[in-house]
Amino acid sequence: MFDPDLFISWMAEQGTGSLSVLIRDASWASGCERQPVTRWLSRIEALGAATVDWRGGRWYANPCQVTDLPGNTQTAVLTGARPGVPGFYTKRGAVAAPQHERSGIPLPTALWLQYTERSRLHEFAAEVSAAVVPCAAESAARSLNAFDPGPETAPPAYDSAAELLDPLTGRFRPVGPVGRRPVPGLYKYKQFGQLDRYALLREPARQTAPGPRTRVPPLEPTWHSVDRRAGIHHALRPSALPLRWKADRPVPGQVGRNALGRLTADRRAPLPLAHERTAVLCTGLASLRTADTEHYDGVPFFVAERIAHTLHRRLETA
């Protein structure tokens, strides 16, 4: 049976390597095909165990760290690629919780440390050779930035079949070959006949004329290479597929800034990696997936607000 914790320990020992070799090895170890292994690696990346350069074909293990959960919980979580198996950490006082994946390859065990004195946290970190860092979830939330379209790129080939994202439904619909006057928005197309690529056709910012009689020639829309998830959020209407946050202990008519709750995203508009990592760092647990949604537990309201604000999404509360 595939042991995800042992595989993460091996990744921590290796440090970095070829992505194609990693997928091959994980496929052999798990007995799964390439596609589910790739989905599993995306989950591992969201958990912060590794950083994957999908286009460059490399992966990098992230350092093992101990960081506080948001709020005054006196609970810390182990993040990054852990060199030891769970038993190594539980013998030194950590609490382990298996993560049950409803389908697909199992995820690594979550590990927390509860403490009453700060010295105990540093003592544990020294025993397991991990660095202590301030609350990573709060730090990650502060560092989230608004969407950047990225570098300009060539448009899809004129004769390539493409799909355009509907800004109201979040679904791609076929638009045929990209013509001379394509509609601004997010396009999905095939590169080399097999690889999915995403490009954003962006309207230029309006230019202000320096004088009343000065004519400013209209600028042409520009094509930008984008990440699929970030591109979806940029192309969607802010009110379409809103993010939802529900307090764990709701108080009628009041939402505390530090109140904890469940953040829910529609799977047609999944959180970009940086935003997903921020939500995951709030507990150290992967999202709970259903057919249509992804749920992130233990997310403070101010973190949910920051995620929604930087994605230009509406945040509904309950």
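## Helix 3 and what covers it

In this predicted model, the buried residues of helix 3 are covered by elements that include helix 1 (4-14), helix 2, strand 2, helix 8, strand 16 and strand 17. The buried positions in helix 3 are Val37, Trp40, Leu41, Arg43, Ile44, Glu45, Ala46 and Leu47. Charged residues are among them, including Arg43 and Glu45.

Helix 3 is 14 residues in length and spans 20 Å between its first and last C-alpha, close to the expected 20 Å at 1.5 Å a residue. Gly48 follows helix 3 and has a positive phi, near 90 degrees.

## The largest pocket

The largest pocket has a volume of about 2000 Å³. Its lining is made up of 45 residues, and those closest to the centre are Ser42, Trp54, Asp227, Arg228 and Arg229. Two or more lining residues come from each of helix 2 (19-30), helix 3 (34-47), strand 2 (50-53), strand 11 (185-191), strand 12 (195-202), helix 7 (228-235) and helix 8 (273-281).

Helix 3 is the element that gives the most to this lining, with eight residues. By class, the lining of the largest pocket holds 19 nonpolar, 18 charged and eight polar residues.

## The second largest pocket

At least two lining residues are supplied by each of helix 3, helix 8, strand 16 (288-289) and strand 17 (293-300). Helix 3 again has the largest share of the lining, here four residues. The lining of the second largest pocket divides into eleven nonpolar, eight polar and eight charged residues.

## The cavity

The model has one cavity of 30 Å³ or more. The space in this largest cavity comes to about 170 Å³. Of the 16 residues that line the cavity, Leu47, Leu78, Gly80, Arg82 and Gly284 lie nearest its centre.

Strand 5 (75-79), strand 7 (110-114) and helix 8 each give at least two residues to the cavity lining. The largest share, three residues, is from strand 5. In the lining of the largest cavity, ten residues are nonpolar, five are polar and one is charged.

Technical notes: Residues are numbered from 1 along each chain as its sequence is written. This is a predicted model: local features need pLDDT of at least 70, side-chain atom pairs count only at pLDDT 80 or more; totals for chains, interfaces and linings use all residues. Side-chain values use heavy atoms; hydrogens and water are left out. On a 1 Å grid over the protein atoms alone, a cavity is a set of points where a 1.4 Å probe fits but cannot get out, and a pocket is an open set with protein on both sides within 12 Å along at least five of seven lines; lining residues have an atom within 4 Å of a point. Grid points are joined across faces, edges and corners, and a volume is the space filled by probe spheres set on the points. The expected span of a helix is 1.5 Å times one less than its number of residues. Buried means under 20% relative accessible area, exposed over 50%, partly exposed in between (1.4 Å probe, protein chains only). Contact means heavy atoms within 4.5 Å.
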